[in-house]
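Take a look at the structure below. This report follows a few residues and shows how they sit in the fold.

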Amino acid sequence: LRARDAAKGLKIAQVLEGFISRKVVKQTVMTVVYGVTRYGGRLQIEKRLKEIDEFPKEHVWDASQYLVRLVFSGLKEMFTGTREIQDWLTESARLISKSGHTVEWVTPLGLPIIQPYHRTRNQVVSLAIRLPVLITQQSFH
């Protein structure tokens, strides 16, 4: 994908020529299944690029932004079914916890898993209460 973009004249893809290694993208690829966001993935890639002495530091931010997009779109394309299952599980857990219940299941090995995460909601209630009020009048001289 980078080579294709470089051939089309995309500057950042050209700058990255020879710098994309397994080490640069591995952490992001491996942590996607744990819910790493594009922002978090960009920070991971940025850190790896900064470790490469020869990489031009003025391009680190643009390069990490570009690469995280490629990683996420590549994984989405390669693992469509897996991503759909992950999305289903995430949505199910969200709905369960939103209903006030703990998300629990038992693994195939018989290990019970309990995710006690829940959101507390604050609700503002307006009450119209009429209380007797004592008003005194003072005069000042």
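Gly40 lies in helix 4. In this predicted model, Gly40 has a relative accessible area of 19%. Buried means under 20%, so Gly40 counts as buried. Thr28 is 12 residues away from Gly40 in sequence, and their C-alpha atoms are 8.2 Å apart in space.

Helix 4 also holds Ile45. Is Ile45 buried or exposed? Its relative accessibility is 0%, so Ile45 is buried. What does Ile45 touch, beyond residues up to four places away in sequence? The list is Val24, Thr28, Ser64, Leu67, Val68 and Val71. Val24 is 21 residues from Ile45 along the chain, yet their C-alpha atoms are separated by 5.8 Å.

| Residue | Relative accessible area | State |
|---|---|---|
| Ile45 | 0% | buried |
| Gly40 | 19% | buried |
| Trp88 | 57% | exposed |

Now turn to helix 3. Which of its residues are buried? They are Val24, Val25 and Thr28. Seen down the helix axis, these buried residues fall within an arc of 55°, so they line one face of helix 3. An α-helix has 3.6 residues a turn, so residues three or four places apart point the same way. The buried residues of helix 3 pack against helix 4 and helix 5. On the other side of helix 3, Arg22 and Lys23 are exposed.

Next comes the nonpolar core. The largest one has 23 residues. Those with the most contacts inside this core are Leu16, Val24, Ile45, Leu49, Phe55, Tyr66 and Leu67. Four helices each supply at least two residues of the core: helix 2 (11-15), helix 3 (22-31), helix 4 (38-50) and helix 5 (60-78). Which helix gives the largest share? Helix 5 does, with 9 residues.

Leu16 shows how parts of the chain meet. Leave aside its neighbours within four places in sequence. Leu16 is then in contact with Arg2, Leu49, Phe55, Ala63, Tyr66 and Leu67.

Last, the surface. Trp88 is found in helix 6, which covers residues 80-98. With a relative accessible area of 57%, Trp88 is exposed.

Methods: Residues are numbered from 1 along each chain as its sequence is written. This is a predicted model: local features need pLDDT of at least 70, side-chain atom pairs count only at pLDDT 80 or more; totals for chains, interfaces and linings use all residues. Side-chain values use heavy atoms; hydrogens and water are left out. A nonpolar core is a set of buried Ala, Val, Leu, Ile, Met, Phe, Trp, Tyr and Cys residues joined through side-chain atoms within 4.5 Å. Buried means under 20% relative accessible area, exposed over 50%, partly exposed in between (1.4 Å probe, protein chains only). Contact means heavy atoms within 4.5 Å. The arc is that of the directions from the helix axis to the C-beta atoms.
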